[in-house]
Structure formats: structure tokens, C-alpha cells
Amino acid sequence: MPEQHDPSQAAAPTAPGAAVESAPEDPEPDPDASAVSIPSGARLVLATHNAGKLAELRAMIAAELPGLDVERAVVDAGSLGLPDVRETGTTFQANALLKAHAAAEASGLPAVADDSGLAVDVLHGAPGIFSARWAGRHGDDTANLELLLAQLGDIPDEHRAAGFVCAAALVTPEGAEHLEFGHLRGTLLQEPVGDGGFGYDPVLRPDGLDVSCAQLDPEHKNRISHRGQAMAALAPHLVALLSQGAPAAEPGEER
Ligand SMILES: O=c1[nH]c(=O)c2ncn([C@@H]3O[C@H](COP(=O)(O)OP(=O)(O)OP(=O)(O)O)[C@@H](O)[C@H]3O)c2[nH]1
Ligand SMILES: [Mg+2]
């Protein structure tokens with residue numbers, strides 16, 4: 001069982017794992033990962049192919065680990081040529097773990113993955129884990145959002161409560177796991193507003209604000225978002241992992 005801190009997320013992930021703290025030091029690159037070329041200085045893989053998520057995750061890691069050279073140390077699944085992982089899990093946490101395990105095994109580096117989505121109360125939590133492909137095609141944000149608005153066309157504001165959910169997983173090449181969660185509750189607007197963010201951002205107005213997520217500046221969204229909360233909770237584990245056994249720089253070598 002990975003560590004997890006969200007009792008509302010009931011289904012248990014299947015992959016076993018020890019606590020990250022027990023990992024003795026940064027691993028040597030996995031010899032079986034020879035198909036993947038790891039840039040020098042890479043320390044962490046972000047196991048996502050979603051550009052919107054990637055930008056947010058990079059900014060969050062830069063803010064949470066100010067000593068880390070994010071440009072050099074953080075690589076992403078796409079730039080390593082890692083394939084998209086089939087999300088066969090039935091919960092956010094199971095899919096986050098699937099993606100992080102796959103990237104850690106393929107790269108020989110620790111990996112962070114996020115599985116996230118929009119859960120609409122009147123739809124009993126849908127689109128949920130199917131958020132990225134709600135309209136039938138993976139990653140068509142405009143079609144997903146239009147379908148959702150059409151489905152909710154007759155639903156008045158007082159019954160349009162919804163929330164973003166994020167499960168963020170940190171997995172080492174040895175299989176150690178950490179899992180954290182974040183939620184952002186709000187109300188679905190009748191029409192998209194704003195052009196920032198991605199996905200369903202233009203239709204979710206967070207509780208206590210009078211703008212959509214797409215109208216927030218990126219720092220503000222990251223401070224309050226589901227992903228921001230999950231990554232803030234994961235940050236101490238990332239710090240512990242990345243500060244352990246950091247290879248010493250060779251004389252004259254830049255890090
Ligand atoms: O408006 C949004 N603001 C957000 O902050 C947000 N976070 C997640 N989502 C939605 O949920 C899907 C994730 O699905 P998902 O976790 O499987 O990711 P993905 O398939 O897009 O990329 P990957 O990380 O799996 O490679 C995304 O595509 C979006 O539709 C969001 N929408
Ligand atoms: Mg996905």
C-alpha cells in the first residue's frame with residue numbers, strides 16, 4: 001500500500017511499495033531502460049503527455065523546490081519518447097500510480113504522475129476519470145467541455161456544484177510510492193469564460209471567487225487548485241528523495 005491521506009478515495013492501488021524514506025540513495029539508471037536516452041542532469045520525470053498539466057507541474061516544482069534547476073533536472077514523458085500509458089485503473093489514484101510506475105521503470109528515474117479530472121455532483125462524479133475523453137476522443141478539451149455544458153443545459157445554478165480532483169503519485173525506480181490528493185470545489189458556469197488554463201477551466205468557478213479558473217493568473221490557480229494541493233503535499237517527499245544521494249558534480253562540470 002502506498003501512503004495516502006484521503007479517506008474519500010476508497011479503492012486501493014494494486015502495486016506494492018515501500019516508503020520513499022527507505023530508499024537508500026538515488027538509483028543508478030535502470031540498465032533495462034536502454035531504449036530511453038536520459039539527458040545529463042535529469043533527476044525526475046513528469047509522467048504526463050498533457051501540456052497544460054506539464055506547465056503547471058513544472059511551475060509547482062520550481063516553487064516548492066527553489067534549489068532545484070528545474071530546466072535540467074526535470075524531464076517529461078514526451079521528451080523522453082515514453083508512450084502514453086493505458087489508463088486501465090478505475091480510480092484516480094490507480095491511474096496515477098500506473099503512469100508513475102511506467103515512467104519510473106522505463107527511465108530509471110523517480111517519476112511524478114497526476115491523474116485528475118472534473119467530478120460533477122449531479123452526474124454522480126462524472127466525467128471523473130473519463131474527463132480527458134468525455135466526448136469520445138482523448139484530449140479534445142473543446143468537445144469535452146461542449147458536451148458537458150449540453151448535458152447540464154437544464155440544470156440551474158444551485159445544482160451545478162462540481163470539483164476538480166487530483167491524485168499525484170511519486171514512484172521511484174525501486175517501486176517505492178507516495179500518493180497525495182487535492183480537491184478544488186466550485187460551481188459550473190452556463191458558458192465558458194476566460195482563456196487561461198486548460199480543459200474545463202473556463203467553466204469552473206471556484207467557491208469564494210467570482211471568476212472561472214481560466215480567468216485566474218497561473219500562480220493563483222496553482223495556489224488553490226487540486227493539483228497545487230496534491231503537489232504541495234508531495235513536495236516534502238520530493239525534497240527528501242532529490243536531496244538524497246545527489247551525485248556530486250565532477251570538477252568543472254555544471255549542474
Ligand atoms: O480544466 C481543467 N483544469 C485542470 O486543472 C484539470 N486537471 C485535469 N483536468 C481534466 O482532466 C483530464 C485529466 O485526465 P488525465 O489525468 O488522464 O490526464 P491526460 O490524459 O490529459 O494526460 P496524462 O497526464 O494522462 O498524460 C484533463 O485532460 C482535463 O480534461 C482539468 N481540467
Ligand atoms: Mg491520461
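Ligand 1 sits in the largest pocket. The model is predicted, with local features requiring pLDDT of at least 70 and side-chain atom pairs pLDDT 80 or more, whereas totals for chains, interfaces and linings use all residues. Residues are numbered from 1 along each chain as its sequence is written, chains are lettered from A and ligands numbered from 1 in the order in which they are written, and side-chain values use heavy atoms, without hydrogens and water.

**View 1. The shell around ligand 1.** Ligand 1 is surrounded by 21 residues, a residue being counted if one of its heavy atoms lies within 4 Å. The closest are Thr 48, Phe 198, Tyr 200, Asp 201 and Lys 221. By class, the shell comprises four nonpolar, nine polar and eight charged residues (Ala, Val, Leu, Ile, Met, Phe, Trp, Tyr, Cys and Pro count as nonpolar; Asp, Glu, Lys and Arg as charged; the others, Gly among them, as polar). Strand β3 provides the largest share of the shell, four residues.

View 2. Polar contacts are pairs of N or O atoms within 3.5 Å. The side chain of Lys 53 places an N or O atom 2.7 Å from an oxygen atom of ligand 1. For Lys 221, the distance from a side-chain N or O atom to a ligand oxygen is likewise given as 2.7 Å. In the case of His 226, a side-chain N or O atom lies 3.2 Å from an oxygen atom of ligand 1. Taken alone, ligand 1 exposes 620 Å², of which the protein buries 98% (Shrake-Rupley method, 1.4 Å probe).

**View 3. The largest pocket.** The volume of the largest pocket is about 640 Å³, taken as the space filled by probe spheres set on the grid points. A pocket is an open set of points on a 1 Å grid over the protein atoms alone, where a 1.4 Å probe fits, with protein on both sides within 12 Å along at least five of seven lines; lining residues have an atom within 4 Å of a point. A molecule sits in a pocket if more than half of its atoms lie within 2 Å of its grid points. Of the 35 lining residues, Asn 50, Lys 53, Lys 99, Ala 132 and His 138 are the closest to the pocket centre. The lining divides into 14 nonpolar, 11 polar and 10 charged residues.

**View 4. The loop between β3 and α4.** Elements are DSSP runs, helices (H or I) of at least four residues and strands (E) of at least two, numbered from the N terminus. Pro 127 is found in this loop, and a cis peptide bond with omega of about 0° joins Ala 126 to Pro 127. His 124 also lies in the loop between β3 and α4; the phi angle of His 124 is near 55°, a positive value in a residue other than glycine.

Methods. A polar contact is a pair of N or O atoms within 3.5 Å; within protein, one must be able to donate a hydrogen and the other to accept it, and residues adjacent in sequence count only if both atoms are side-chain atoms.
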